[in-house]
Amino acid sequence: MKKISLMLKVNGEEHDIYISPNRTLLEVLREELELTGTKESCGEGVCGSCTVLCNGFPIRSCLTLAAEVQGAEITTVEGLREEEGQLDVLQQSFIDHGAVQCGFCTPGMLMSAKAFLNRNPDPSEDAIRQGISGNICRCTGYTKIVDAIMDVAKRSQSRG
Ligand code: FES
Ligand code: FES
C-alpha cells in the first residue's frame, strides 16, 4: 500500500510521519512515536483501554485511523504529566485511592475521566459511573476509581 505523509500533534508536539494509510492512531502512537502508555486490549472498540483525547474529547484510538486526526490536538496519558514532571491530580488521586491494580485499564480510564471532569466539574457519583461506562476495568470493581474521580472534583470545587 502506498504510504502517506502526515502531521500528528500529540501532547503539544508536532510529528511528521510517513505511514500506510490504514494504520490506526493506536499503532502510530505506540509503534512510531513510542508512546506506549496507551494500551491495546480488545482492539475492536469495546474496552476503552486505548482511549486518548482528540481536541478534548475521548476517542478509541484502536478504531481511529491516524490519517483521520491529522492536525487535531491529541492527548495521551503521557500528556497528563505536569510541566515539572509531577503527576496530574487525577493520576495522584488514582494512586491515593488504590484505584490501580493491574493498571491495564488505567491510561484509558484516566483520559475518559479527564474529559468527563472538564465537562462536568461538579458530578454526582452516578454521573461519574456513566462518564466512565465506556471503560472496562476487570480488577477494581470501579468503586475506588469513582472515589478517586469524585475526590478530584470535590477538591477543585473547594478551590473555587
Ligand atoms: S483496545 Fe480500543 S476499545 Fe479496546
Ligand atoms: S486495574 Fe486491572 S483492569 Fe483495571
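I began with the surface: the protein chain has an accessible surface of about 8,500 Å², and 45% of that belongs to carbon and sulfur atoms (Shrake-Rupley method, 1.4 Å probe). I noted that this is a predicted model, where local features need pLDDT of at least 70, side-chain atom pairs count only at pLDDT 80 or more, and totals for chains, interfaces and linings use all residues. Residues are numbered from 1 along each chain as its sequence is written, chains are lettered from A and ligands numbered from 1 in the order in which they are written, and side-chain values use heavy atoms, with hydrogens and water left out.

I then looked up the secondary structure, and I found 5 helices and 5 strands in the protein chain, arranged along the sequence as β-β-α-β-β-β-α-α-α-α (DSSP runs numbered from the N terminus, helices being H or I of at least four residues and strands E of at least two).

For burial, I recorded that 43% of the 160 residues in the protein chain are buried, meaning under 20% relative accessible area with a 1.4 Å probe, protein chains only.

Last, I turned to helix H2 (residues 89-96), where Leu-90, Gln-91, Ser-93 and Phe-94 are buried. Seen down the axis of H2, these buried residues fall within an arc of 160 degrees, so they line one face of the helix; the arc is that of the directions from the helix axis to the C-beta atoms. I also noted that their cover includes helix H3 (106-119) and helix H5 (143-158), contact meaning heavy atoms within 4.5 Å.

Definitions and conventions: Buried < 20%, exposed > 50% of the residue type's maximum accessible area, 1.4 Å probe, protein only.
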